[in-house]
Structure formats: structure tokens, C-alpha cells
Amino acid sequence: MKKIFFLGECMLELRAIDESTLNQSFAGDVYNSAVYLKRCFNSINSAIVTALGTDAISQKMRHCFVQEQLGTQLVFAHSDKVPGVYYIETDDQGERSFTYWRNDSAARKVIDFYNPTVIDELASGDMLFFSGISLAVIEPDTRAIFWQSIHTLKAAGVKVVFDPNYRARLWQSVEETKQQYALAFQCADITLPGVEDLHALYGVDSVEDVLAHLSDYDINEVVIKNGPESVLTMVDGQLQRHTITPVDNVVDTTSAGDAFNGVYLGARLSGLPVCEAVSKAAKAAAVVIQQPGAITAKAVFNQAMADS
Ligand code: ADP
């Protein structure tokens, strides 16, 4: 059975329904990807690597992981931290605003749980995925251990996958981000950047610019996303441009990139060629953006995928 680990943070999502009602769910970029991968490729072991607390919300979150059939062997319980939270409000114009409480979340401590047994388990995987958000979230004084582990895992044959997913507010400075991203690009076997994310950091404006920027690194599989525009891939030295069918009725673009990533990686782990992997990933992303929230209800998602 193929196995992929997703390292990062899952948060409690609170969404205002009306003046006095909040809807609660769970979301976070790596978690979203893990869920959509598992829904499309049930035979792949899709596992989360994170830290929760021992509180009631953490227990509900863990239960949610299990319900989504995700591996939880590396979901740790911190004795005195709790999960991060974010609140989404949509104004009369449909503009969403986000408020976060994540500075002291349990997930920031995930690397403290690393030990030789944990590294052995990670080394049993085919891929390890982390994002720019994962990198920003882990405490800076644990980064050295994190990078050391990445090199150990690469030596053990695990493919390292990186999505830059840049969130400026999570970083101290652009210089700090660029320094960490350079380390990530140096060790990535697969990267799935979005043009918008890298524009803010490197001033790139197109998929071609992103590809040129990444040519400084030795990354075997580059998949560049650009919203409803094309996807550009460079895999084993072969360049391919993939057309995307724009969705007319976009409801909420949250987690479009996450759904794309999860399904793309699931397809590749299943042995599908790049063009089929992109096509399936783009279908999943198109389904997700026609529904509110990061995680589309399972029955709705599965039906839409079957219909598409
Ligand atoms: P990221 O969130 O990583 O920046 P993008 O915004 O580029 O990712 O979107 C990821 C994928 O979602 C795209 O490659 C595309 O397949 C799909 N997508 C995004 N916006 C649209 C849209 N308006 N119509 C159809 N597909 C879309």
C-alpha cells in the first residue's frame, strides 16, 4: 500500500452563519489535501503529522481525521497546548475576512515529538508533503531538526513534496521566508507552486517566470498552478501545458490548491501519467470551488467527481 504523510496544522474553523450562529468544522492546507487524496484514492494510506492537545476540540479533530480515514499514527497530543482557531466572516459583497488564533497552537510543537521511532515511521512512507504554511508554523528553534529529518528521509528514498503556499502574516520577514523556501526547493523532489504565491516573494508574473525561477534548483517534478489559467508541468525534463476549464459559478476558492495537490499526488502515487493526474486534480479543484468552505461534504464531492 502506498503511503504519504502530510505535515502541518489543522485548525478549528468557525464560520458565521448569522448574527448569533457559528458553524464549526476543521481545516488547514495539508489536512485538506490529505482528505481529498483519500477520497479519490482510497487504497493509498494518507496520514497526518501534527500535534493536537488533550482537550475536547482536539478529540473531535482526531475523530474527524479517523472519519476521513486518515492515518493518525503521527498525530501527537501535547499536554498543555490546544489547536489553532480561525474565524471567517463574509460581508454583504461576498468578501471574506479571516481572523486567526494560532500563535500558540499545539501544531507549532510538532517537531518536539520527533524521535528515532517517528523518523522510522516517516521513512516507511513513499512521500512527505509540507507547505510554506507548515514551515512557518513549526517553531523556528526546531527548524534545524526538521531539515535534518528531511535529509534523513530523502536518503531513505522518501520523495519530498513542497507547496510554497505563502502567507505573509505567518513570517517575520520576506528574507526569512526566502531563506527557508530556498532550503525547501533544494530538497524538493516535487513542487506545486501557485503563481500568485511566488509573485509576492520573487516578483514572478507567469507560469513561465516561475519555471525560470525554479530552474536554479534540481527539482524533478514541477507543477505550476495559475487559478483558471493553465497549469504548466516540467517532469523528467518534459514540458507540458495543460488547459483548465474555468468554472462559471465560483462560490469559494478556499482550498482549490489543496484539493489539486492532494488529488495530483494521489494520482501520481497510483502510477497515472502527469496529464491524467493534472486533469483529475483540476476536476477536484473545480468541484471544491463550487461549494462553500475548505472541505466539501463527502457525498457531494464524490457525486460531483463521478459526474465530471
Ligand atoms: P493555489 O491556491 O495553490 O494558488 P490556484 O488558485 O492556482 O492554487 O488554483 C489551484 C487549481 O484550482 C488550479 O490549478 C485550477 O485547477 C483550479 N482552479 C482555481 N480557480 C479556478 C477557476 N476559476 N476555474 C476552474 N478551476 C480553477
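Are R102 and E9 buried or exposed? In the predicted model examined here, both R102 and E9 are buried. The side chains of these two residues form a salt bridge, with a nitrogen-to-oxygen distance of 3.0 Å. R102 is located in the loop between strand 7 and helix 3, and E9 in the loop between strand 1 and strand 2 (11-18), so the bridge ties together parts that are 93 residues apart in sequence.

The protein contains 11 helices and 13 strands. Along the principal axes, its C-alpha atoms fill a box of roughly 50 × 50 × 40 Å. The radius of gyration is 18 Å, which agrees with the value near 19 Å that a compact globule of 308 residues would have. Of the 308 residues, 54% count as buried.

The whole structure holds 13 salt bridges. In general, side chains of opposite charge can pair when their charged atoms come close. Apart from the pair described above, one of the salt bridges joins the side chains of K3 and E121, with 3.0 Å from N to O. This pair links distant parts of the chain, since K3 belongs to strand 1 (residues 3-7) and E121 to helix 3 (residues 116-123), 118 residues apart. K3 has a relative accessible area of 14% and is therefore buried, the cut-off for that class being under 20%. E121, by contrast, has a relative accessible area of 22% and is therefore partly exposed.

A further salt bridge is formed between the side chains of K154 and D189, at 3.2 Å from N to O. K154 is part of helix 5 (residues 143-155), whereas D189 is placed in the loop between helix 6 (174-187) and strand 10 (190-191), so this contact ties together parts that are 35 residues apart in sequence.

Most residues other than glycine have a negative phi. D236, which is not a glycine, has a positive phi of about 50 degrees. The position of D236 is in the loop between strand 12 (231-235) and strand 13 (238-242). With a relative accessible area of 60%, D236 is exposed. S255 likewise is a residue other than glycine with a positive phi, near 70 degrees. This serine is situated in the loop between strand 13 and helix 9 (256-269). Whereas D236 is exposed, S255 counts as buried because its relative accessibility is 7%.

Two further positions relate sequence separation to spatial separation. I295 occupies the loop between helix 10 (274-288) and helix 11 (298-307). At 23% relative accessibility, I295 counts as partly exposed. I295 and Y36 are 259 residues apart along the chain, and their C-alpha atoms are separated by 8.4 Å. L135 is a residue of helix 4 (residues 132-137). The relative accessible area of L135 is 1%, and L135 is therefore buried. L135 and G194 are 59 residues apart along the chain, with a separation of 17 Å between their C-alpha atoms.

How values were computed:
Residues numbered from 1 in each chain as written. Predicted model: local features only at pLDDT ≥ 70, side-chain atom pairs only at ≥ 80, totals over all residues. Heavy atoms only, no water. Helix = DSSP H or I, 4+ residues; strand = E, 2+ residues; numbered from the N terminus. Rg over C-alpha atoms; globule rule 2.2 N^0.38 Å. Buried < 20%, exposed > 50% of the residue type's maximum accessible area, 1.4 Å probe, protein only. Salt bridge = Lys/Arg side-chain N within 4 Å of Asp/Glu carboxyl O.
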